[in-house]
Amino acid sequence: MSEIRAIRGMNDILPDATPAWQLLERTVAQLLDTYGYGEIRLPLVEKTALFSRSIGEVTDIVEKEMYSFEDRNGDSLSLRPEGTAGCVRAAIQHNLLGVPRRLWYAGPMFRYERPQKGRQRQFHQMGVEAFGIATPDIDAELILLCARLWRQLGIAGDVQLELNSIGSAAARQAYRQALVEYLSGHVDALDEDSRRRLDSNPLRILDSKHPATRELLGAAPSLQDYLDAESAEDFARLCGLLDAAGVAYTVNRRLVRGLDYYNKTVFEWVTTSLGAQGTVCAGGRYDGLVQQLGGKPTPAIGFAMGMERLVLLLQAAGACAQASAPEVYVLALGAAAEQAARVASEQLRDAAPALKITQHAGGGSFKSQMKKADKSGARVAIIFGEDEVAANSATLKPLRAGQDAGQRTVALQELPSALQALLP
Ligand code: ATP
Ligand code: MG
């Protein structure tokens, strides 16, 4: 029969990679806990309208990247392409927004993109959202939290912070006119997507990755000249807070972010070590979104990190733990010994809950079991044969060079202490 393989862009994460993932997940969860953020777990599937209403109809995600389908009821549903929309939906639905609220989530997201290094169709994000705080001190908190995470992961030298303010909706409206005027004079040089967006959503063009369009944008009017006073003031305060905390950043006036719901602060952490997929974490303020999705007006800011890209950085930095070998491999010869070995292993786990024990399963000769013990990377084999069972004992055999103690047989009740002597 033909072999069924995974869907393109939806990757298996194999045991040799999971230690790096676990390190990342553990570090993030602990750090966010210390900053007072609570984890929220959200469905992978939502109504399609949630995403088109929040992310925006005229965006890459909604126009061409969503996995949407009709369920058996005829409702249009989509696999979530990002986490903010669902998080805001849940926060409104469960009345979480009466007070400032700090939340985080992690999990798979789905976008129909061209798979390449650091870009999948099922990928994972870890995201943070802070609701109910309009002042830029919370913007600074999110950025400081990221900076601390990079330090804890040992990748602080690999990522740089880019920062911008895209102002209020009104400021962007004024800027939009100027941008459209400028670009309308150069329609022939625009890529197809951008030409279409000139009418529907011209700010998205700033985000274009098309080289000719990017070049044209070099001489375009700057959003900065249209910024409202409040946004400019908040941005200056944010920069001051970051300066005081010693966080380096570059102000990138071309940074707009690919989603419609942002205003004021936007930021990205970028790296040059991953080729074209350089953004490892991106976010911004979205003060209008809660109301837009039916909640009371609530200022908010958040970011999402691409976990695949961070894992690639961790692996490149050699910072990730290896899948760890067992410390002990337990062998048994014959049915009676198998039973005694199983009971002894369980007692050993009671006595030393952190001990890594692999219990041989599947029978076989002494020689074949010893081969597996050796291959497992364990430092000590515990052997149960007929003699051991008869004498209520077990034989300890050091497996690695440099352990000078030889093989010896001990009474079962001495097993934990004898092992401890061999595994300092
Ligand atoms: P990009 O410009 O790389 O397509 P984006 O602006 O679409 O990114 P966001 O929606 O802001 O990305 O998502 C936040 C982060 O999630 C990105 O910075 C990136 O690290 C990660 N990410 C986004 N799409 C993918 C993907 N298809 N595969 C892997 N990671 C992704
Ligand atoms: Mg994208």
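Reply: The centres of domain 1 and domain 2, taken over C-alpha atoms, are separated by 49 Å. The bounds come from an automatic or database domain assignment, which gives domain 1 as 18–168 + 228–317 and domain 2 as 328–422. This is a predicted model, in which local features need pLDDT of at least 70 and side-chain atom pairs count only at pLDDT 80 or more, while totals for chains, interfaces and linings use all residues. Residues are numbered from 1 along each chain as its sequence is written, and side-chain values use heavy atoms, without hydrogens and water.

Me: In what order do the eight strands of the open sheet lie?

Reply: Strands of a sheet pair through backbone hydrogen bonds, either parallel or antiparallel. Here the order is 1-5-6-11-10-9-7-8, with mixed pairing. Strands are DSSP runs (E, at least two residues), numbered from the N terminus, and two of them pair if DSSP finds at least two bridges between them.

Me: How many bridges join strand 10 to strand 11?

Reply: Five bridges join strand 10 (residues 279–285) to strand 11 (residues 300–306), and the two run antiparallel. Arg285 has Ile301 in strand 11 as its bridge partner.

Me: How many disulfides does a search of the whole structure find?

Reply: A disulfide is a covalent bond between the sulfur atoms of two cysteines. The search finds zero, counting pairs of cysteine sulfur atoms within 2.5 Å. For Cys146, the nearest cysteine sulfur is that of Cys281, 4.0 Å away.

Me: Why does Cys146 count as buried?

Reply: Buried means under 20% relative accessible area, with exposed over 50% and partly exposed in between (1.4 Å probe, protein chains only). Cys146 counts as buried because its relative accessibility is 0%. Cys281, at 1%, also counts as buried.

How values were computed
Chains lettered and ligands numbered in written order. Helix = DSSP H or I, 4+ residues; strand = E, 2+ residues; numbered from the N terminus.
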